[in-house]
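Have the structure open as you read.

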Amino acid sequence: MMSAIDLYARPTPAFDERVAHALAVLQSAAVDHAGRIVQATSLGAEDMVVTDLIARHQLGIDIATLDTGTLHAETQALIGRLEQRYQTRVEVYSPRQEEVIHFVKANGDEAMYRSLALRKACCGIRKLEPLSRMLGSRSAWVTGLRRDQSNQRGVVPFSDRDDAGRAKLNPLADWSWNDVWHYIATHNVPYNPLHDEFMPSIGCAPCTRAIAVGEDFRAGRWWWEDEAAKECGLHVNQNQGVAA
Ligand code: SF4
């Protein structure tokens with residue numbers, strides 16, 4: 001079977017310049033927000049590149065992730081692989097158990113498929129609330145958002161503000177999918193083996209499926225919903241629509 005590296009890693013013009021620019025964005029943010037900046041990693045391919053840049057250049061940026069309680073085993077295992085590879089600690093934020101139990105008791109395990117409101121409620125409990133704790137003491141956060149991940153993300157800037165006024169840095173905003181995998185191949189970056197099973201965008205297990213040839217990058221996320229609804233709220237700016 002062809003791996004994600006076989007399928008996607010390609011050297012493209014100005015790749016080195018994009019790497020240098022991403023590093024410069026991270027270096028500058030690490031200085032401006034010393035001690036108060038975190039990478040909120042989804043453990044996806046882009047985020048693994050960002051973590052590699054942070055670790056390789058010993059930037060003072062913490063690394064944190066959300067364990068929603070519904071991740072694939074492969075995604076959870078990647079946390080330990082990452083810690084071992086980079087000799088660092090990953091902060092893990094989980095949802096409040098009482099809220100999860102109450103929600104599942106009231107709505108069942110498969111509530112997310114029944115309505116957009118229930119899906120967003122699940123994301124609220126399992127993602128947004130833990131994210132707010134992760135970011136509570138921070139003045140800046142780093143994501144792996146790229147402009148060509150979806151139409152809604154076509155305007156991703158390198159630097160933005162979230163609704164709380166924190167700086168939100170997207171150092172890979174101008175990278176292509178080929179760039180991401182070229183970097184991973186070049187630097188032997190650990191990645192989620194589910195990427196080798198045609199899952200370019202990996203979220204919670206119930207809400208992620210493999211995509212077919214020719215399907216959109218994020219077609220495997222919340223595939224039963226309209227394209228316009230496909231954000232979990234982590235990257236929605238109330239003032240500007242989808243940000244970031
Ligand atoms: S992605 Fe799915 S399982 Fe994960 S928090 Fe959102 S609705 Fe719940």
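Q: Why are α3 and α7 called oblique to each other?
A: In this predicted model, helix α3 (residues 45-56) and helix α7 (residues 177-187) pack at an angle of about 50°. Their axes are 10 Å apart. Axes are lines fitted to C-alpha atoms, for helices over the stretch in contact, and angles run from 0 to 180 degrees between N-to-C directions. Under 35 degrees counts as roughly parallel, over 145 as roughly antiparallel, 65 to 115 as roughly perpendicular and the rest as oblique. The angle falls in "the rest", so α3 and α7 are oblique.

Q: Which hand does the crossing of α3 and α7 have?
A: The crossing is left-handed. That word applies if the near helix is turned anticlockwise from the far one by less than a right angle; clockwise gives right-handed.

Q: What makes the contact between α3 and α7?
A: Contact means heavy atoms within 4.5 Å. From α3 come Ala45, Glu46, Val49, Asp52, Leu53 and Arg56. From α7 come Trp177, Val180, Trp181, Tyr183, Ile184 and His187. They divide into eight nonpolar, one polar and three charged. Here Ala, Val, Leu, Ile, Met, Phe, Trp, Tyr, Cys and Pro count as nonpolar, Asp, Glu, Lys and Arg as charged, and the others, Gly among them, as polar.

Q: How do you know how α2 is oriented to α7?
A: Helix α2 (residues 15-32) packs against α7 at an angle of about 80°, with axes 11 Å apart. That value makes α2 roughly perpendicular to α7. Phe15, Arg18 and Val19 of α2 meet Asp179, His182 and Tyr183 of α7. By class, this contact has three nonpolar, one polar and two charged residues.

Q: What makes α2 roughly perpendicular to α3?
A: Their axes cross at roughly 70° and come within 11 Å. That angle makes the two roughly perpendicular. The crossing is right-handed. Val19, Ala22 and Leu26 in α2 meet Val50, Leu53 and Ile54 in α3. The contact has six nonpolar, no polar and no charged residues.

Q: Why is the pair of Tyr8 and Trp177 called tilted?
A: Rings of Phe, Tyr and Trp (its six-membered ring) pair if their centres lie within 6.5 Å; planes under 30 degrees apart are stacked, over 60 edge-to-face and the rest tilted. The centres of Tyr8 and Trp177 are 5.5 Å apart and the planes are at 55°, so the pair is tilted. Tyr8 is in helix α1 (residues 4-8) and Trp177 in helix α7, 169 residues apart.

Q: How are the residues numbered, and what are the confidence limits?
A: Numbering starts from 1 along each chain as its sequence is written. Local features need pLDDT of at least 70, side-chain atom pairs count only at pLDDT 80 or more, totals for chains, interfaces and linings use all residues, and side-chain values use heavy atoms, with hydrogens and water left out.

Definitions and conventions
Helices (H or I, at least four residues) and strands (E, at least two) are DSSP runs, numbered from the N terminus.
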